[in-house]
Amino acid sequence: MKNILVPVGSSKNAVSHLQYAVDFAEAFGAKLFVVQVYNVYTKAGTMIKVDNIIERESIQFLNSLMSQIDTKNVDVTVKVLKGKLIDTLELACKVANVDLVLVEPRTNSIKDEVYLGKTSGKIIKQMQVPALIVPEGYVFSAPISILMAVKSAIIKKKNALGPLSAIRERFQSSVDLLLVKTPFYNADDFKLNKDLKTLVNNITKTESPTTYQGVLRHFESHNPDMLCVVRRKRGFFTKKWEKNTILKKDFHSDIPVLVLSGLK
């Protein structure tokens, strides 16, 4: 874990989120990229670009936030980027060789009943880089226990388990694997390859209509410090991620959620 990217919005939680990001990055000796993305705007009727104004105000905003953070010994780079959100973040991740994106549930100050706002939901749903959703106001602490929930343990993508492996190794975490047999179960879905076997301490098998419901059923008994799920077309949140906004009544987590980019 060498490079971590943190997209910043205008939420009241921004300072807390950035402090978590710094503390997390410090634990790995990683470099932190703090970015804000804006679109290209023009003033109606005049065609006068306001790019310079937006960029200047965004830099001032980010610097103001960072002045409230104890950056410790972490190498922090602050950037304002212009373009479409996902395309711009994906390019930034590629250029900076980012290993993980840290996301706060709501990047803007929106309704309390929302778990993932439109921007955060779009980042989680559409980006191919692994992400960590950090609850609002969450203070960094080492995740001693991690619950990984999947409906298929088949791994074809190289380094798919990289972020989980790095976190486990750094914090000496215990990883419990929850294999959820859904109606779409295939015979080989529960066969663990060598890489996954090496990471896992305990295995629990359960049957449920969805992976998400399987987690709800076993969450309390495992009592993890971090939840690990997999982003795929018909994955953990399935219907819940068909829309970018996710309400707390549909899903809510008081612990960080590690979202792997996919195993296949």
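User: What makes up the secondary structure of the chain?

Analyst: Seven helices and 14 strands. Helices (H or I, at least four residues) and strands (E, at least two) are DSSP runs, numbered from the N terminus. The model is predicted: local features need pLDDT of at least 70 and side-chain atom pairs pLDDT 80 or more, while totals for chains, interfaces and linings use all residues. Residues are numbered from 1 along each chain as its sequence is written, and side-chain values use heavy atoms, with hydrogens and water left out.

User: How many residues of the chain count as buried, and what does buried mean?

Analyst: Buried means under 20% relative accessible area, exposed over 50%, partly exposed in between (1.4 Å probe, protein chains only). Of the 264 residues, 52% count as buried.

User: What makes a set of residues a nonpolar core, and which residues of the largest one touch the most other members?

Analyst: A nonpolar core is a set of buried Ala, Val, Leu, Ile, Met, Phe, Trp, Tyr and Cys residues joined through side-chain atoms within 4.5 Å. The largest has 53 residues, and Leu-102 and Met-148 touch the most other members. Helix H1 (residues 14-28) gives the largest share of this core, nine residues. Another core, of 28 residues, lies apart from it; among its members are Leu-81, Leu-89, Cys-93 and Val-229.

User: What does Leu-102 touch, not counting residues up to four places away in sequence?

Analyst: Contact means heavy atoms within 4.5 Å. The residues that Leu-102 touches include Ile-4, Val-6, Phe-24 and Leu-132.

User: Why are strands E5 and E11 said to stand at the edges?

Analyst: Two strands pair if DSSP finds at least two bridges between them. Ten strands form an open sheet of mixed pairing, in the order E5-E2-E1-E6-E8-E14-E12-E9-E10-E11. Strand E5 (76-82) and strand E11 (202-207) each have a single partner strand, so one side of each is left without a neighbour in the sheet.

User: Which bridges join strand E1 to strand E6?

Analyst: Two bridges join E1 (residues 3-7) to E6 (residues 100-103), and the strands run parallel; two meets the requirement of at least two. Ile-4 has Leu-100 as its bridge partner in E6.

User: Where is the pLDDT below 50?

Analyst: pLDDT is the predictor's confidence in each residue, from 0 to 100. The chain has a mean of 83, and 81% of its residues reach 70 or more. Over residues 237-242 the pLDDT is below 50, though this stretch has 14 contacts in the model beyond near neighbours in sequence.
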